[in-house]
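This briefing looks at pockets and at helix packing. The structure is shown first, and the notes follow by topic.

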Amino acid sequence: MLYLTFSYGVFPWISLLLATTFALYGLLKKTVNVSAISGLTIETLLITPVALIYLWIIPSGSFTFTPFITVTNLFLIGAGIATAVPLLLFSSGAKQIPLAMVGFLQYITPTMMLVIGVFFYKEPFSQAHLVTFAFIWTALFIYMASIYKNSQRRLRTH
């Protein structure tokens, strides 16, 4: 991150804020003793007022509640399912694996989005981005290797 910060001369406060919130979310999922369904219900209840305010504020005509089964409504239902299922699986899985692995797994989605952005949508990807990306993944592999080595050492001593 420091390399990219100095290369561009801009502090990446949004990136750090996102990383912090993802880390806190993973920690919360790991430590709170609530079932996956209950946790997702609580999360949904917390975000629903924000979503309703947004729907109420956007310009008239850009969103409507129609009683008919339309392609748009089917896509919205599908998007809800496509969002809820991974969240439920993450909630239940986060409780069964070490916190270090939860943190590591949270790098996969942003990496997939980066690959899609660069290769499919032709987003700019400079040498500074490449160096930073390589540093981040190198650090992740070193960290995970140390976790693995320590766990192997503990297994041999027991």
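In this predicted model, helix α3 makes the greatest contribution to the lining of the second largest pocket, supplying 7 residues.

**Second largest pocket**
- The second largest pocket has a volume of about 400 Å³, and among its 13 lining residues T44, I47, A51, G80 and T83 lie nearest the centre.
- Both α3 (36–57) and α4 supply at least two residues of this lining, which by class comprises 8 nonpolar, 4 polar and 1 charged residues.

**Largest pocket**
- The largest pocket holds about 1,600 Å³ of space and is lined by 44 residues, with S15, A19, Q106, Y107 and P110 lying nearest its centre.
- At least two lining residues come from each of α1 (2–8), α2, α4, α5 (99–105), α6 (108–119) and α7 (127–157), and α2 provides the largest share, with 10 residues.
- The lining of the largest pocket divides into 35 nonpolar and 9 polar residues, with no charged residues.

**Crossing of α2 and α4**
- Helix α2 (residues 13–31) and helix α4 (residues 71–94) have axes that come within 8 Å and cross at roughly 60°, and the crossing is right-handed.
- In the contact between these helices, Y25, G26, K29 and K30 of α2 meet L87, F90, S91 and A94 of α4, and the residues involved divide into 4 nonpolar, 2 polar and 2 charged.

How values were computed. Residues are numbered from 1 along each chain as its sequence is written. This is a predicted model: local features need pLDDT of at least 70, side-chain atom pairs count only at pLDDT 80 or more; totals for chains, interfaces and linings use all residues. Side-chain values use heavy atoms; hydrogens and water are left out. Axes are lines fitted to C-alpha atoms, for helices over the stretch in contact, and angles run from 0 to 180 degrees between N-to-C directions. Helices (H or I, at least four residues) and strands (E, at least two) are DSSP runs, numbered from the N terminus. A crossing is left-handed if the near helix is turned anticlockwise from the far one by less than a right angle, and right-handed if clockwise. Contact means heavy atoms within 4.5 Å. Ala, Val, Leu, Ile, Met, Phe, Trp, Tyr, Cys and Pro count as nonpolar, Asp, Glu, Lys and Arg as charged, and the others, Gly among them, as polar. On a 1 Å grid over the protein atoms alone, a cavity is a set of points where a 1.4 Å probe fits but cannot get out, and a pocket is an open set with protein on both sides within 12 Å along at least five of seven lines; lining residues have an atom within 4 Å of a point. Grid points are joined across faces, edges and corners, and a volume is the space filled by probe spheres set on the points.
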